[in-house]
Every structure is written in C-alpha cells, then in structure tokens.
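Morning, everyone. Please have a look at the model on the screen. I'll take the domains, then the ligand.

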Amino acid sequence: MKQFFHLLMRNRLAAAGGVILLVVIVLAILTPILPLADPDVTNTANRFQPVFSEGHLLGTDHLGRDMLSRLLWGTRLSLAVGFAAAIFAAVIGAAFGIISGYFGGTTDNLIMRGIDMLMAFPYILLALAIVAALGPGLFNALIAVAVVNIPFFARNIRGVTVGIAHKEFVDAAQLAGLSHTRIILSEILPNVIPVIVIAMSTTIGWMILETAGLSFLGLGSQPPQADLGSMLGEARSALITNPHTSIVPGVMILLIVMGINLLGDGVRDALDPRLRSGALTRPMAATVVERQSELPAPHAEGVLTMTDLETRFHVGERVYKAVNKVSLHVAPGECLGVIGESGSGKSVTALSVMGLVASPPGVIVGGSVRYKDTELIGAKYDRLRSLRGDRVAYIFQDPLATLHPLYKVGDQLVEAIQVHHKIGNKEAWARAVDLLKQVRIPNAESRAQSYPHEMSGGMRQRVGIAMALANDPDVIIADEPTTALDVTVQAQILSLLNDLRRERGLAIIFITHDFGVVAQLCDRVAVMYAGRIVEEGPTHDILQSPAHPYTKRLIACVPELGEGRRRLEAIPGLPPAVDRLEPGCAFAPRCLKKQATCVTQEIALERFGNRAVRCIYPEADLKQEAAE
Ligand code: ADP
Ligand code: MG
C-alpha cells in the first residue's frame, strides 16, 4: 500500500489529478457548513451579476441566484451521483462478469447474450429510454447511467475471470472441497479487484459527464435543485450575453473529469506489477553507461576481455553492486567457466558485455569490455547491435521462454540469420536446416517445420544453441544452458559445445552453479561471490587444490560417483545482499576459517602465475605452487 502511494505520487500528472480531485471533494463535503447564500433563493432584480461582484464571488444567474453557492451544491450532487452510479455499475457488472467467467458454459452464454443485447442499443439512446420509462429525476438518471455501464464492467471482469478460473490454485481449492462461493470470494475476487478498481477509476469521469448530459437535457435534476448539468442547461439561453453562467459549471466539470482521468491513469500504472520495478519506463535499447572512473587498459589478451567491469542497480535509494570490478578474458577455442551461487552476479556480468542489462535500473559505472579491438562499454547502439548475435551470441537458460511460441523454429533461425546477412529466403532456410543438423537434431528438414512446443526440452535447447551459432560467432556466452535439462541431455549438450569449440575455435563463457559441469567442459574457471571474482585459474588446478574457502566448499557440494560414503556438505547461510556490503571479505560470515582481519580491510585479488585468489588465509599455498 505504501509502495502504491509512493509510485502514484512519483507520477506527476497523476499527483496533480489527485490534488485537484481532493480539493474539489473536500469543498463538496464542506459545502453545508460554508457560509454560503441559499442556492435556490431567487432575486430577479439582481440577475446576471458579473463575476467578482459584491456579495457574489462568481456572480448570479438568470434568476439572480448566487453562482458560487449553486456551483458547490451542484458539484456535491454531481459527484455523489457519479460515484454512486460507478459503484452500482461496478458491483453489478463485476458480479455478472465473475459468475459468468467462473461457471462458463450455459450460465456464461445466458448472461453474456443478455449483456450483448444491452450493448446492442446505442449507449445514450438507451439511457434516454430508461429515464423516459422511469420518469425524469436525478435518481432515475443515476439508474440509467449505471445500467448502461454494466456491460462494460461485466465484459471486462468476465475476461479476467476466465483467465483465472483455470489456474492451478483454483483447481487446488476445488480439490480441497471448497464451495463455489468460498472459491469466488477467497480465490477469484482478490485477483479481480485491481481490475475492477482500474475500470472504475477510468469510468467515473465518464459517468459524471453522462449524468450531467441527462440533467442538461432536463431529464436529471429538476428545478430548482442545482447540479452541474442542469446549471449548464439553464445557462444555455444566456451563452452569448452572459457567458460566465456557462463557464463556471463548465470549468468545474472539466476540472473534475480531468482530475479523475489523470488519477485513474496513475492508479492503473501503479497497480500494474510489471511496471513496479521498471519505474514506469520502458527499458532502453542498451544499458546506460555512467562512467565514474577512467577507461582501464585491458588486463589480458583475449577475443573478449573484461577489465574491472562494474554494473550497479539503482533501485530507489539503494544501490546494488551486482558486478564489482570483474576482470575476465577468454581466448579463441577456450572455454571459461563462471561459477557461483544464485545471485552472485553471473548473469549480470554476462549481460553487461553487450549492454543487455535493463536500464533502468541497471547502470554500468566503470570498466572496459573489449571484443578484439573494439571497446563495447559506451559503444554506439548500432555498433553493439551489429555485434549482438553476430560476433557475440548468447544461449539462455530456459529455451521455452527464449523461443517465440507462434513461429516455426526454422523461421526463427532464418530470422536470426537474415538480421545480419542479406541472403535469400531459400538459402537462409537451407542454412537453418544445416544448423539443426550441426546441433544433431534428427530429421532436421522436418523438425525445422515444428513449433517450439512440439519439441522436448533438450531439443529446444539445441535450437537455442543453433540460433547462437547461426552467424558463426567468435564468442558464445552460455548462461546456465543446461540447468533446465536432465543429466543425459545435459551431457549431450556439453559434448556438443565441446566439439564446436574444438572444430570452430569458438570461445565460450559458460555460466553455471555446478562444479560437475565445469569439470567436464571448462579449461579455466572463475568463481564469483557477491559480485566479485574470488578465485580464478585452470580448472584442473582449482579442482585439485582450491585456494579460496568458498571454492573448496562449493566443490564439496558436488557428489561423485564411486567416492564411497563422503558426506555432501551444504554451505549454511545465504550470500549477502549486494546493496549493503560490509568492508572486507563478503564470504567471512559463512567461512569456517574466518579471522578478525578478514573484515577490517579490503582484500585484493592476488595473482600467482596463472592462478588468482581473493583471500588472506587461503586453503592452498599458491605462491609455492607457482614457484614449483
Ligand atoms: P546470478 O549469479 O544468479 O546470475 P544475477 O547476475 O542475476 O545472479 O544477479 C546478481 C545480483 O543483481 C543479485 O543480487 C540481484 O539481486 C541483482 N539484480 C539483478 N537484476 C536486478 C534488477 N533488475 N534490479 C535490482 N537488482 C537486480
Ligand atoms: Mg543467472
């Protein structure tokens, strides 16, 4: 709730609308106790007094009645009728919608066809017909306006309910034996209330206008009672000679409707969970770069070299240092493993390379990423785009989420190829089939005609790999590509990637949280913890003698077949949140060998030959190993 108001107030227009509306509502509530003239007392000798005349701040109307008093009383009435009509329409419409969407079948058909019949009449004509049948009067106008708005609510809410009624949690409630009433009240209603509120906030303004319209035609409030519509109606004959009598109620209607609509839009945005973290803006095409330090020289020679890369997330007051001075490089034909627990910053590192971190909230604040001789941090968007998917390609974790569900996989491969190469459809299709063969998909010709949902998880991941290979890239960044797969398929995918790098000299950055996978595939490995590299070196050496206590314990988490009855150690505790990093070693709170000095100083990544470790009490003596 607090967050909701915070978001709402951050939207300036919505805040302005809210303030306007609040002032009007407070005035309307206070009207009976304000020192106003009686709105209905006529004084024809004093008619058509201009605005700001003595005793009549807003002048008088054609019968000499005080405009200010009539305006406030009229506003009060119009607001009350508008809100009442909106609530009436929302409650009845939503009830029809929920019942219709939840029960479906005949119930749905009956209700919705009834609603359709209501909708078949022209809107305003229907309202007029209802008032004509019931007789003129404000209450009847209210009913008419509410009734013509019921279909809008019923249709909207039915659509939402149909979507929810078949979700698993509703099935679960049914299995638990809950009655339909209970399910509707406790499972369905809480999920549709935001939609009801949004629909209401966008229609109240409209309903106030409609009621004013009916009053304007003389079918709503009856003289001498004032509402905004009847004031306008009475002023019609003096529109040219005494315009203030029309302008005063007109401006009030404008203010109310504008206030409601601005606020309604704001409410809609603030209630939409998808917009919450994104701060109501679309992500930009490339991550924002706000350099706070000089561009560092590359620390090593590689086809892709990251040096002191720093990526942060600015969320409200908080700054998450997701990637904290990370240096990595990978050579052609080499496979570099990046390993760490969930949340250690692996994905953000990978996405920073091509400026793919969502901004806002992501910002790259320093460091360098070089692809061959090109600096990628701060490069023009067109340059990044020409490299993305062409020279540097990605494979993501969930292949079902990364493939478009409505296109055949062959067409998606063709698209990936044609983005970067101007070749004909036939040729591109042949290349797509060829790619599917390379990733060992059987019957590639017919499989290219399949949709993603017709394939198994392993197949889809191979399509993902084929897509990454489409333009024969130099570097592939694979972000946990096998986590969603079972072990046999995982083994096949790993051997496929291994062959590809040997055959094509592909450089691979392989992100995982599984040391078993690293051991199979990677030449070198970097261990990440809380946004930092804590250890780096050749895979074999690190597996033999891990130097950082964290690495050692990660390795102890991997079961080995035929290893007898070794205990599988879990690491107790959780990685720290990266917005409040304490000085010193981030792993210290979970480390068994922690000393007082671990948390009093910054600990540097020390290099010994081809190994590096960020620990002052390492598990293995690297200096000696390097000397040997
Ligand atoms: P992993 O190592 O599991 O791939 P990530 O790189 O996805 O971890 O995340 C690293 C850190 O960045 C996490 O602590 C996470 O909380 C933070 N983070 C990632 N995306 C966002 C975001 N959009 N907004 C705020 N923080 C984020
Ligand atoms: Mg990740």
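The centres of domain 1 and domain 2 lie 55 Å apart, taken over C-alpha atoms. Domain 1 covers 2–29 + 57–276, and domain 2 covers 304–391 + 473–627. Those bounds come from an automatic or database domain assignment.

Some ground rules. This is a predicted model: local features need pLDDT of at least 70, side-chain atom pairs count only at pLDDT 80 or more, and totals for chains, interfaces and linings use all residues. Residues are numbered from 1 along each chain as its sequence is written, chains are lettered from A and ligands numbered from 1 in the order in which they are written, and side-chain values use heavy atoms, leaving out hydrogens and water.

Now, what surrounds ligand 1? The shell has 13 residues, with Gly-343, Gly-345, Lys-346, Ser-347 and Val-348 the closest. To be near, a residue needs a heavy atom within 4 Å. By type, the shell splits into 6 nonpolar, 5 polar and 2 charged; Gly counts as polar here.

Which elements supply at least two residues each? Strand E2 (304–315) and helix H12 (346–353). H12 gives the most, with 3 residues.

Next, polar contacts, meaning pairs of N or O atoms within 3.5 Å. A polar backbone atom of Gly-343 sits 2.6 Å from a ligand 1 oxygen. For Lys-346, a backbone N or O atom is 2.9 Å from an oxygen of ligand 1. Val-348 also has a polar backbone atom 2.9 Å from a ligand 1 oxygen. Alone, ligand 1 exposes 560 Å², and the protein buries 67% of that, by the Shrake-Rupley method with a 1.4 Å probe.

Methods: Polar contact = N/O pair within 3.5 Å; in protein donor to acceptor, adjacent residues only side chain to side chain. Helix = DSSP H or I, 4+ residues; strand = E, 2+ residues; numbered from the N terminus.
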